[in-house]
Each structure stands twice: as C-alpha cells, then as structure tokens.
Amino acid sequence: MSSSDAASSADTARPTLDVAVVLRRERIHGPASRWQPWRWVLDSVVRDEPGFGREPRLLTQDDQAQRWLHPGFQVQLFRDDLEGYYLNATTEAPCWFVLWRMDEQPTLAEWPIARPVAVSLSYHDAGRWLDAQEYVDQVPAPVDVIGWLSSFIDAHYVVEPKRRRRPESFRPLVDRFGNPATVSTEKKQGRGAGDV
C-alpha cells in the first residue's frame with residue numbers, strides 16, 4: 001500500500017472509541033417505594049478493557065445498590081452528525097448519552113436487568129432517542145474524551161452563519177394556488193355584507 005493510499009484510508013476511517021457502560025440498580029426510599037422499590041440509573045461510561053470480557057456482569061452489590069458492567073460498546077464519530085457533537089462539546093457540561101432498555105424476563109439475575117443499547121456523544125442522537133420515548137440517561141464525559149471529540153469537530157465542522165429569517169408578516173399574501181391575494185378592510189355593499 002502506498003503512502004497516498006494509507007493517507008486516503010486514514011481520512012475515510014471513522015474515529016472510534018471502545019467503551020463499557022455501568023448501570024446501577026438502587027433502592028428507592030420514601031412513599032414511592034411502595035409501588036417501585038428499585039430503579040435503574042446510569043452510573044458511568046468508562047473505557048472498555050480486554051479484562052472486562054464481552055458479557056454483562058455484576059460488579060458490586062449491597063442492601064442499597066448493585067452495579068452492573070456492560071462491556072463491548074463502540075462510539076464512532078460521523079461527519080454527518082458534526083452539529084450534534086458540536087452542541088455537546090460546547091456546553092458547560094459535555095456528556096455521554098446512553099440509550100438503555102429493560103429485559104423482558106430475568107436472565108442474569110432473579111429479576112430483569114437494564115441493558116444499554118447504544119452510547120453516543122451527539123445531542124442529535126439523544127434527541128431522536130427521547131422522541132422515540134426511549135430511556136436515555138447522561139453522565140459527564142471526561143476531559144480526554146471531550147478533547148478527542150473536539151479534535152474531530154475542529155478538523156471537519158464549519159459553523160454556518162445564522163441568517164435572519166424574514167418575519168411571516170412580511171411575506172406576500174398568496175391564495176392556495178400561489179396567486180397574489182389581497183385583503184381589504186372596506187365594507188362590502190349588497191347582500192351578504194353583514195345584513196341580517
């Protein structure tokens with residue numbers, strides 16, 4: 001492979017980061033615990049390591065909480081979602097977004113567990129998931145991940161200048177066929193002009 005071929009394949013390769021998700025099952029206190037004694041929340045997103053394996057496993061457990069590790073997720077950056085990454089990276093608290101779902105039946109424990117489905121750094125992904133009424137949680141992303149994301153944004157994203165939209169009241173009036181229409185405030189004469 002020539003150096004120009006290597007450079008072009010490097011340009012088309014998507015930046016990728018392997019991550020694992022930690023979900024926490026925690027006890028609910030107070031009146032709400034009568035109906036639901038436990039709830040699932042996103043604990044953290046960490047770099048995936050070979051020692052994690054490929055299957056979910058229980059990390060810690062006590063009377064108040066359990067932490068489950070879900071390895072094997074890949075976050076890829078796409079050029080067509082640069083605005084979503086930009087919106088996340090430029091906030092005061094950039095974060096990971098995790099879409100997760102509940103198991104239908106118990107598989108790894110005596111009860112159904114929550115399982116992550118997708119991990120992203122894009123506001124647009126999170127918005128689409130929320131619009132689809134999925135469970136989506138967020139946790140802060142570390143500085144090195146935001147640096148990695150920002151490098152990708154800096155290399156490819158061009159902020160489009162905002163254009164002032166002309167107010168609707170200044171648009172010319174047209175009928176349903178696109179022909180110019182007029183509005184008159186003059187009183188009509190004859191029948192149907194307000195006569196009782």
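## The three-stranded sheet

In this predicted model, 3 strands form an open sheet in the order E6-E5-E7, and their pairing is antiparallel; two strands count as paired if DSSP finds at least two bridges between them, and strands (E, at least two residues) and helices (H or I, at least four) are DSSP runs numbered from the N terminus. Strand E6 (114-120) and E7 stand at the edges, each with a single partner strand, so one side of each is left without a neighbour in the sheet. From one strand to the next, the twist averages 35°, where axes are lines fitted to C-alpha atoms, for helices over the stretch in contact, and angles run from 0 to 180 degrees between N-to-C directions.

Strand E5 (residues 95-102) and E6 run antiparallel and are joined by 6 bridges; in one of these strands, E6, Pro116 is the bridge partner of Trp100. Helix H3 packs on the sheet, touching E5, E6 and E7, and its direction makes about 25° with that of E5; contact here means heavy atoms within 4.5 Å.

## Basis of the values

Local features need pLDDT of at least 70 in this predicted model, side-chain atom pairs count only at pLDDT 80 or more, and totals for chains, interfaces and linings use all residues. Residues are numbered from 1 along each chain as its sequence is written, and side-chain values use heavy atoms, with hydrogens and water left out.

In H3, the buried residues are Asp125, Ala126 and Trp129, where buried means under 20% relative accessible area, exposed over 50% and partly exposed in between (1.4 Å probe, protein chains only). They cover an arc of only 95° around the axis, which puts them on the same side of H3; the arc is that of the directions from the helix axis to the C-beta atoms. Among the elements covering these buried residues of H3 are E5, E6 and E7.

In helix H2 (residues 82-89), Leu82, Gly84, Tyr85, Asn88 and Ala89 are buried. They span an arc of only 160° around the axis, which puts them on the same side of H2. Their cover includes strand E4 (65-76), E5, H3 and helix H4 (143-156).

## Individual residues

Arg25 lies in strand E1 (residues 16-27) and is buried yet has no salt bridge, the nearest side chain of opposite charge being Glu110, 8.1 Å away. A salt bridge is a side-chain nitrogen of Lys or Arg within 4 Å of a carboxyl oxygen of Asp or Glu; Lys and Arg count as positive and Asp and Glu as negative, while His and the chain ends are not counted. Not counting residues up to four places away in sequence, Arg25 touches Trp38, Arg39, Trp40, Gln64, Ala65, Gln66 and Trp111.

Val46, found in strand E2 (residues 38-47), is partly exposed, with a relative accessible area of 30%. Leaving aside neighbours within four places in sequence, Val46 is in contact with Asp18, Val19, Ala20 and Phe52. Gln133 sits in the loop between helix H3 (123-131) and strand E7 (135-140), where its phi is near 60°, a positive value in a residue other than glycine; at 74% relative accessibility, Gln133 counts as exposed.

## The chain as a whole

The chain contains 4 helices and 7 strands, which follow the pattern α-β-β-β-β-α-β-β-α-β-α when read along the sequence. Of its 196 residues, 31% count as buried. Among contacts in the chain with a separation of 6 or more, residues 24 or more positions apart account for 65%.
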